[in-house]
Amino acid sequence: MDNFQIETAQNVSIQQNVAGIGERIAAYLIDWVILLAYIFIAAIILGATGAAGGEDWVVVMILFLPFTLYHLLWETFWDGKTPGKKIMKIKVAKLDGSKPVFSNYLVRWLLRMIDIALVSGGVAVVMILVRGKGQRLGDMAAGTTVISEKQRVRFHQTTFVEIPEDYIAHYPQVTVFSDAEMQKIKTIYLDARRHGNHNVIVKLSEKVASVMEIDPQEKPLKFIARVVEDYNFYTQNA
């Protein structure tokens with residue numbers, strides 16, 4: 001699985017996992033099964049009710065309009081996912097890590113004819129394999145890619161830190177944070193410390209202190225480290 005870096009607003013680099021070609025093909029096939037099932041069921045209903053013998057445009061609207069707009073509508077209204085992508089835990093995202101807007105989804109959809117419909121998806125597969133960021137032509141034009149939501153969790157990305165048995169906690173207010181929030185705090189803190197981004201740690205300290213509604217006396221670096229340790233103390237002894 002490839003990956004690429006995005007820069008957060010705090011100038012912290014975060015590795016983003018690109019969806020593998022196998023995951024994307026599997027999602028594509030799942031969506032095709034859903035579409036074919038829809039057309040089959042809709043055709044049976046139209047035939048049973050006699051609606052198939054009505055106006056041609058009605059049949060086209062019922063059978064082929066949802067088929068044509070399937071990916072555009074699902075991705076636009078379901079956070080960059082189709083049912084196939086949801087099952088495979090992948091989704092469309094912008095290269096800067098932000099959520100795509102309708103124009104991004106529209107561009108991807110318009111270029112599906114070249115990427116996927118022509119040469120049975122061969123163009124898309126070649127471009128995804130060649131491009132280091134997992135982009136087909138539609139992604140390149142839209143500034144998007146398809147990422148995996150299956151996070152490869154490393155030890156430093158968890159909330160856990162070792163604390164001594166006689167550890168004395170200072171901030172019971174740390175329990176206002178969830179595991180996910182504390183993991184994010186720890187990740188930003190470690191990355192900022194590793195890259196020497198003191199300003200990021202200062203801003204992080206101010207934000208954490210504000211949420212906890214306290215006025216810490218320690219310096220920002222020590223305060224954040226203490227917050228992570230205290231969180232472990234209270235959660236491990238809960």
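This report walks through the nonpolar cores and the salt bridges of the structure above. The model is a predicted one.

Let us begin with the cores. The largest nonpolar core has 21 residues, and V208, M212 and F223 have the most contacts inside it. Three helices each supply at least two residues of this core: helix 8 (179-195), helix 9 (198-212) and helix 10 (220-236). If you look at V208, you will find that it touches F177, I185, F223, I224 and V227, leaving aside residues up to four places away in sequence. A second, separate core has 8 residues, among them A27, V92, Y105 and V146.

Now to the charged side chains. Side chains of opposite charge can pair when their charged atoms come close. The structure holds 7 salt bridges, including those in this table.

| Salt bridge | Closest N to O |
|---|---|
| E75 and R108 | 3.0 Å |
| R194 and D191 | 2.7 Å |

D79 sits in the loop between helix 2 and helix 3 (83-88), while K91 belongs to strand 3 (residues 90-94), 12 residues apart. D79 is partly exposed at 29% relative accessibility, whereas K91 is buried at 17%.

R194 and D191 both lie in helix 8, 3 residues apart, or about one turn of the helix. Here R194 is exposed, with a relative accessible area of 52%, and D191 is buried, with 9%. Finally, salt bridges with shared partners join R24, E75, K85, R108 and D139 into one network.

Definitions and conventions:
Residues are numbered from 1 along each chain as its sequence is written. This is a predicted model: local features need pLDDT of at least 70, side-chain atom pairs count only at pLDDT 80 or more; totals for chains, interfaces and linings use all residues. Side-chain values use heavy atoms; hydrogens and water are left out. A nonpolar core is a set of buried Ala, Val, Leu, Ile, Met, Phe, Trp, Tyr and Cys residues joined through side-chain atoms within 4.5 Å. Buried means under 20% relative accessible area, exposed over 50%, partly exposed in between (1.4 Å probe, protein chains only). Helices (H or I, at least four residues) and strands (E, at least two) are DSSP runs, numbered from the N terminus. Contact means heavy atoms within 4.5 Å. A salt bridge is a side-chain nitrogen of Lys or Arg within 4 Å of a carboxyl oxygen of Asp or Glu.
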